[in-house]
Amino acid sequence: MITIDDFTNIRGKVMKFGDGMNTDIIIPSQYLEESDPIIYCRYVMSAVRPTTYDEIQKYEDVIFVGGKDFGSGSSREQAPDAIKYAGVKLVIAESFASIFFRNCVNVGLPLLEVPNITDKVEEGDVLLVNLETAEVMNERTQEVLNGHQIEGFLLNKIKKGGLIPELQEYVKLHELDKINN
Amino acid sequence: MEDQTVTEKILSEHSLQKEPVFAGDRVDVGPSSILSNEMLPMVAIPKFRMTGAKRLNPYFVENTLTILDHGGFGTTDKMIHLHQITKHFAKLFNLKVEPAGSGISHVVFHEKGYVKPGDLILGSDSHTVTHGAFNAFAKGIGGSDLVELMVKGSTWLDVPETISIKVDGKLREGVYSKDLLLTMLGEKTTEWGTDRAFEYSGDGILDLSLEARLTMSNMAVEMGGVAGIMPYDKKLQNYLDTVPVRGTIHPTTPDLGANYHERYEINASEVEPVVACPHSPDNVKSVDEVGEVELDQVFIGSCTNARIEDLEVVAKILKNQKVRTETIVIPGSSQVALEAVKRGYVEIFMAAGAFWSYSTCGACYGGSLGRIGSGMTALSTTNRNFIGRMGGDSTSKTYLGSPATAAMSAIKGKITGAGYKK
Ligand code: SF4
């Protein structure tokens with residue numbers, strides 16, 4: 001039974017995208033001159049669905065569902081940051097490109113690989129997801145789908161909020177926050 | 001010890017634990033050198049500030065080259081500002097920066113001697129894989145990863161499984177390594193190498209020039225791969241002799257019994273000129289098959305195909321000809337530009353009616369100099385043709401091809417192969 005009592009359980013409404021959602025679609029280059037994710041996140045997915053940002057704001061919690069090779073292309077970390085800062089709680093896809101996967105972990109954006117998810121889930125469905133066990137329950141169909149479990153090492157990083165909080169601890173521990181050495 | 005792939009050997013060599021590692025292991029590494037670009041001011045500097053660190057790791061300072069390539073020179077107020085931030089930061093911490101206009105990072109980096117056989121290269125750009133052509137393991141990383149290197153001088157990597165690509169035979173006249181790479185990509189798709197490294201080998205690879213190999217390593221990432229490693233040979237050594245290489249080289253070969261996830265073979269002599277059609281680099285068709293495609297623009301540039309040999313091919317085709325389509329040629333670096341001037345190529349380009357520019361990424365990623373608009377169709381020597389990649393929207397189309405195809409198409413005003421007979 002999946003409950004929503006801690007971080008590893010996420011409940012949200014599906015916004016569905018297809019295969020090959022590359023980083024140029026997730027956040028087009030002309031918005032990258034803006035360093036602040038709170039500003040550029042407004043253009044998330046605008047290349048294929050211009051209303052994406054506004055729709056996310058209307059719903060309580062949103063889960064992106066995509067097909068194959070989600071996040072292929074550039075190493076731009078602004079892609080997962082744009083998704084995260086727009087307010088998306090989780091990205092589920094059939095497969096992820098390598099650099100994008102790592103960038104998601106680094107910015108603390110939860111993600112899950114679930115084979116055939118696009119066949120099993122429709123736009124607007126509500127999903128209940130346990131990140132720890134990689135189980136996804138579709139509330140409409142009551143079907144439980146099994147994704148690929150995220151390894152503990154990576155899940156811990158996501159839970160901590162990504163790499164920067166980890167580095168903050170490192171900096172304090174090694175007194176790199178002091179100017180004299 | 002168990003037999004190893006080149007990937008496993010290089011990652012073992014650079015592991016902080018100094019232990020042999022194999023596919024599936026996780027390893028802490030210190031890279032030989034680090035490439036950075038505008039990812040530094042856009043993402044890494046703000047996040048570095050968030051860590052609270054007051055200084056950069058000396059190892060990072062020593063081994064990093066930042067090349068301002070994406071933004072162009074004096075293009076927009078915001079970009080100028082980002083470049084200024086970079087310069088101030090670099091001055092504060094003694095970082096080396098190549099200013100906007102000096103070239104594309106994946107050309108400048110090897111011209112400046114930052115890559116050599118046996119190296120582990122990490123760079124805040126997905127096309128860092130280009131440097132695999134130097135018999136190195138080179139991989140793209142994100143902005144936060146760059147921050148980790150700024151703070152700790154090290155990071156972690158998963159040792160990938162490797163796919164071996166063996167190329168036999170020679171490319172025929174009028175067929176180029178871009179055609180070879182795109183042919184494989186068309187067959188195996190952009191998902192082929194996800195989380196895996198590629199290692200190239202075979203007579204067909206040794207037959208290629210270093211520049212032709214750079215094109216193939218560059219597009220290893222379009223095949224989904226985390227690295228695209230070429231063998232070491234005399235041709236590579238000849239190039240290394242001309243640049244100020246940092247440190248000693250460690251040419252690396254795979255062991256006989258090394259464990260490969262897949263062994264793929266292709267015969268180069270069967271490859272035809274091809275283009276990747278909109279909107280994915282794996283949507284590949286032969287030039288003959290693609291039919292009549294009228295072009296609004298031809299773009300010759302990028303870290304894939306803008307080195308001197310690429311410009312030589314273009315110059316040969318454009319000599320005493322006129323382009324019928326707006327054509328822009330952007331050299332890979334200022335060094336390439338100078339050589340093109342010396343060899344008279346620039347005169348040929350301009351006499352043909354093509355535009356010539358200073359070196360930058362330009363329209364490759366829709367930055368500057370030749371962005372396309374709504375409804376426009378372009379042929380480009382770059383590596384990606386995603387929706388909106390070169391500017392425009394879902395009605396804009398980009399085809400990818402070799403410099404030869406680009407030059408011939410520029411003359412005809414529509415997609416045309418160059419001097420290739422079946
Ligand atoms: S030339 Fe294109 S692919 Fe290469 S680094 Fe620049 S934007 Fe990226």
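Q: Which residues lie nearest the centre of the second largest pocket?
A: This is a predicted model, and its second largest pocket holds about 560 Å³ of space. The lining of that pocket takes in 23 residues. The ones nearest its centre are Gly174(B), Val175(B), Tyr176(B), Glu309(B) and Val313(B).

Q: Which helix gives the most to the lining of the second largest pocket?
A: Three helices of chain B each supply at least two residues here: helix 7, helix 9 (210-218) and helix 11 (308-318). The lining also draws at least three residues from each of domain 1 (6-246 + 258-266) and domain 2 (274-412) of chain B. With six residues, the top contributor is helix 11 of chain B.

Q: How many charged residues does the lining of the second largest pocket have?
A: Sorting that lining by class gives nine nonpolar and six polar residues. The remaining class, charged, has eight.

Q: How many residues does helix 5 of chain A give to the lining of the largest pocket?
A: About 760 Å³ of space lies in the largest pocket, and 30 residues line it. Phe101(A), Leu154(A), Arg26(B), Asp158(B) and Asp195(B) lie nearest its centre. Helix 5 and strand 4 of chain A, plus strand 6 and strand 7 (155-158) of chain B, each put in at least two residues. Helix 5 of chain A gives the most, and its share is five residues.

Q: How many nonpolar residues are in the lining of the largest pocket?
A: Split by class, this lining has five polar residues and ten charged ones. The nonpolar residues number 15.

Q: How many polar residues does the lining of the largest cavity have?
A: Two elements of chain B give two or more residues to this lining, namely helix 2 (39-51) and helix 5 (105-111). By class, the lining has eight nonpolar and six charged residues. The polar ones come to 13.

Q: Which element gives the most to the lining of the second largest cavity?
A: The second largest cavity has a volume of about 210 Å³. Its lining has 23 residues, and nearest the centre are Ser72(A), Gly73(A), Ala97(A), Val221(B) and Gly224(B). Helix 5 (98-107) of chain A and strand 6 (137-140) of chain B are the elements giving two or more residues. The most, three residues, comes from helix 5 of chain A.

Q: Which are the edge strands of the seven-stranded open sheet in chain A?
A: The strand order in this sheet is 4-3-2-1-5-6-7, with mixed pairing. An edge strand pairs on one side only, and that picks out strand 4 (111-113) and strand 7 (144-146) of chain A.

Q: Are the residues of strand 5 of chain B buried or exposed?
A: Leu120(B) and Leu122(B) point one way from strand 5 (residues 120-123), while Ile121(B) and Gly123(B) point the other way. Strand 5 of chain B runs parallel to strand 2 (residues 33-36), joined by three bridges, and also parallel to strand 6, joined by four. Whichever way they point, these four residues are buried.

Q: What is the omega of the peptide bond from Pro278(B) to His279(B)?
A: Most peptide bonds are trans. The bond from Pro278(B) to His279(B) is cis, and His279(B) sits in the loop between strand 12 (274-276) and strand 13 (284-286) of chain B. Its omega is near -5°.

Q: Is Thr189(B) buried or partly exposed?
A: Thr189(B) lies in the loop between helix 7 (177-188) and strand 9 (196-201) of chain B, and its phi is near 70°, a positive value in a residue other than glycine. Buried means under 20% relative accessible area. Thr189(B) has 32%, so it counts as partly exposed.

Technical notes:
Residues numbered from 1 in each chain as written. Chains lettered and ligands numbered in written order. Predicted model: local features only at pLDDT ≥ 70, side-chain atom pairs only at ≥ 80, totals over all residues. Heavy atoms only, no water. Nonpolar A, V, L, I, M, F, W, Y, C, P; charged D, E, K, R; others polar. 1 Å grid on protein atoms, 1.4 Å probe; cavity = no way out; pocket = protein on both sides within 12 Å on 5 of 7 lines; lining within 4 Å. Points joined across faces, edges and corners; volume = space filled by probe spheres on them. Pairing = 2+ DSSP bridges. Buried < 20%, exposed > 50% of the residue type's maximum accessible area, 1.4 Å probe, protein only. Domains from an automatic or database assignment.
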